[in-house]
Amino acid sequence: MEDRELILSLLPKAGRKSRPPLAQPPLPRHSADELWAEFGIRLAELGGRIGTREDAEVILARPHILDHESAEILGLHSGGEPIWDAEVGVTTADLAIAETGSLILATGPHRTRLVSLCPVLHLVLVPKDRIVATMAEAFTRLSDRTTVMITGPSRTADIEGILVRGVHGPGDIVVVPL
Amino acid sequence: MPKGKKPSVEAFARGVTAETTKSVRAASKSKTESRIPTLEIAFHDVEGARTQAAQIKEFVLDNISSLLVQLEAKCKMNGIQVHWAKDAESARNLIARLCEEAAPVGSTIVKAKSMATEEIHLNEHLIEKGYEVVETDLGEYVIQIDHDTPSHLVTPIIHKNKRQVAESFSREGLGPYTESPEELAAQARRHLRDRFKEAKIGISGINFAIAQSGRLVLVENEGNNRLSTTAPDTHIAVMGLEKILPSEGDLPLFLRLLAGSATGQRMTVYVHMISGPRRKDENDGPSNVHLVILDNGRTKVLNGPYREILRCIRCGACLNVCPVYRQVSGHAYGHVYSGPLGAVLAPALEGVEQLPDVAKASTLCGSCEEVCPVKIPIPRMLLQLREEAVRKGVLKEPIPWSMFVFGATSGLRWRTGLKLLPMSKMAQHPMKNGWTEFRDLPEKQGRDFRKWWNGRS
Ligand code: SF4
């Protein structure tokens, strides 16, 4: 017998019709400014920071790679260094989540996944209205493409439990609400 | 750990160095301390969240057959190629074949940390076939260059200190000798970057597979997991068949429970949700994504008395609080799955005859069940396993009193601050053989064991 048929024949058949419902805590009502303030606190706790457009310009003096949407927002040309050589990767997030300081980035036309991953600094542009209060809310709006949720800089505590930032991914993350 | 005949847990425990115990205790303590405050921020009602997660996982186990078929159909629609493997050998052969189709022998394969691939001893097999297999998680990389085995689900080198890592890195020529964790991490980053660039295949586990959408969810902190599943042209993901969640709406609950329980983080740094291979208009990502659904004993467990252990989301919290684990570390259990989880899962998967004594490596203090985000009744199952082992005649010696006492009093010293199973609950279990050692215990007084023991001494 093929492994598939064998495994399916060995699995218990009995089923329950309905799944247990998820508790849906009421969504807090906050203004976008309040949500951004909360986001900033959470991001700072993780070792990231909120920046301004001026900060972005200073950062862009370093060898960087810029994705399509970010280039449009900043009025620059997209591209830049080869992905493995860039010090800074610039992306535009689909959504920011206030309660955890997380960012949602889906793949999409002309998007390069490695821009948010290979460089040592990840500069993230987020249009101000793209913020939600909770992760639960964000997950009702996911793209059907491959998506990553990023919460703070890359980190490890493998060696004696000591926190080190930037082990494989960016050790610095700067988020610019625009 | 040297291959060959496994020493008994007690024999192994006697040989554990003070240095190892010190590393394990310190790391376990810090993870345990941040767990509760983090979960309390995430959930107004932590208890309610755990109950809900347990119920959802029970629903999954009840409907595993239809959910797997749904997952398979959705994955195929997403362009993910789905394969099934009945056991470790079948999985190894299948994955070797997928590798041969993807890249010539001799190519580099980057691995993201995965217990399922450890379980089937995949690396050894692919290396034998002529591939260069590189573990890329910092801890797993150290394990690989030291020819060691992981001793914890989440932090594989919990048994090593920075001096030992420093010695390994300078021996391998990664850079000048340094004991600074920052510099060691930077050396690993530099060294492994080249491997990611040249790799043709990336192999990973998964944390959750979503039946409703056919999406594979991987969580990690370092970024090596994303690199392994993004940079190479072929990605092979291996999942134990129980790792399903019904829908994406379940993710926030499970992701927060997992992050908080595992390391006391509010959220893991990267949650990678893979919806299939790179689409035509996308600039990067693998062009082939394979999912291998692994049985390897799980259907047997599903139909038996230890079924609930398959709710496990591999957070490692039960290891971190376990007084026995903290003392002896993961290698003592003689299996890739260690700690209270492993003491149930390993014999449940392989048969109690294969690992008759791991169920003894517990004080039955109940801490594991207290912390488990999916409320697995581990102490009850450990008792059942001991009973089964004694009944089958594979566990002859009585439960070692010394280990029981050791763990219980030390547990108090370490102030895990957790409530314990009342003795009256344990006494309900009809343990005849081996249980007689405890006949003098005050069975029905309703006091817990540690209190009783301390009062006596
Ligand atoms: S048994 Fe529970 S506490 Fe232990 S690793 Fe699994 S989910 Fe975590």
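# Strands and interface of chains A and B

Me: What stands opposite Ile150(A) in β9(B)?
Reply: Ile150(A) has Tyr270(B) of β9(B) opposite. This is a predicted model, in which local features need pLDDT of at least 70 and side-chain atom pairs count only at pLDDT 80 or more, whereas totals for chains, interfaces and linings use all residues. Residues are numbered from 1 along each chain as its sequence is written, chains are lettered from A and ligands numbered from 1 in the order in which they are written, and side-chain values use heavy atoms, with hydrogens and water left out.

Me: What makes β9(A) and strand β9 of chain B a pair?
Reply: Strands (DSSP runs of E, at least two residues; helices are runs of H or I, at least four; both numbered from the N terminus) pair if DSSP finds at least two bridges between them. β9(A) and β9(B), residues 270-274 of chain B, share four bridges in the antiparallel sense. Four bridges meet the rule, so the two strands count as paired.

Me: Why is strand β6 of chain A called largely enclosed?
Reply: Buried means under 20% relative accessible area (exposed is over 50%, partly exposed in between; 1.4 Å probe, protein chains only). Five of the five residues of β6(A), residues 102-106, are buried, so the strand is largely enclosed by the rest of the structure. In a regular strand the side chains alternate between the two faces of the sheet. Here Ser102(A), Ile104(A) and Ala106(A) are buried on one side, and Leu103(A) and Leu105(A) on the other.

Me: Why does Ala93(A) count as buried?
Reply: Its relative accessibility is 0%, so Ala93(A) is classed as buried. Ala93(A) sits in the loop between β4 (88-92) and β5 (95-97) of chain A. Apart from neighbours within four places in sequence, its contacts (heavy atoms within 4.5 Å) include Leu103(A), Ile104(A) and Leu105(A). Val124(A), Pro127(A) and Arg130(A) are also among them.

Me: What makes Asp281(B) and Arg145(A) a salt bridge?
Reply: The rule asks for a side-chain nitrogen of Lys or Arg within 4 Å of a carboxyl oxygen of Asp or Glu. The closest N and O atoms of Arg145(A) and Asp281(B) are 2.9 Å apart, so the pair qualifies. Eight salt bridges are found across the interface of chain A and chain B. On the side of chain A that touches chain B, α1 (3-10), α2 (32-46), α5 (135-139), β9 (147-150) and β10 (155-156) each supply at least two residues. The largest share, six residues, comes from α1(A).

Me: How many residues of chain A are in contact with chain B, and what area is buried between them?
Reply: 67 residues of chain A are in contact with 83 residues of chain B. The buried area (accessible area, 1.4 Å probe, that two parts lose on being put together, summed over both) is about 6,500 Å², with 57% on carbon and sulfur atoms.

Me: What share of chain B counts as buried?
Reply: Of its 457 residues, 66% count as buried. Chain B has 21 helices and ten strands.
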